[in-house]
Amino acid sequence: MSSSEVACTLAALILHDDGISITSEKIATVVKAAGIKVEAYWPALFAKLLQTRSVDDLILSVGSGVQLAETTSSILEAW
């Protein structure tokens, strides 16, 4: 996982934990506030994923390779 992916993942988790809706702008804001530079497409990619899947579902499905493959496939199709 790249540092950009980790930064966006943690930003999304922070937003979710605070009960704030997760958008690409909010992810980018949290990442920028942390002083981390990420490529512009990462926040949008994570926000797009989290429009179709809940953070809770993703946390609970950790370790499920089939679930990860399906989620990745659906992201790429939507993108």
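**Rings along a helix**

Visitor: How far apart are W42 and F46 in helix α3?
Guide: W42 and F46 sit four residues apart in helix α3, residues 41–52, which puts about one helical turn between them; helices here are DSSP runs of H or I with at least four residues, strands are runs of E with at least two, and both are numbered from the N terminus. The model is predicted, so local features need pLDDT of at least 70 and side-chain atom pairs pLDDT 80 or more, while totals for chains, interfaces and linings use all residues. Residues are numbered from 1 along each chain as its sequence is written, and side-chain values use heavy atoms, without hydrogens and water.

Visitor: How many aromatic pairs are there?
Guide: There are two aromatic pairs, counting rings of Phe, Tyr and Trp (its six-membered ring) with centres within 6.5 Å, where planes under 30 degrees apart are stacked, over 60 edge-to-face and the rest tilted. Y41 and W42 make a tilted pair, with 5.1 Å from centre to centre and 35° between the planes. W42 also pairs with F46, where the centres are 6.1 Å apart and the planes lie at 55°, so this pair is tilted.

Visitor: And which residues do those ring pairs link into a cluster?
Guide: Y41, W42 and F46 are linked into a cluster by ring pairs.

Visitor: Changing topic, how many helices does the protein have?
Guide: The protein has five helices and zero strands, and along the sequence the pattern reads α-α-α-α-α. Of its 79 residues, 24% are buried.

Technical notes: Buried means under 20% relative accessible area, exposed over 50%, partly exposed in between (1.4 Å probe, protein chains only).
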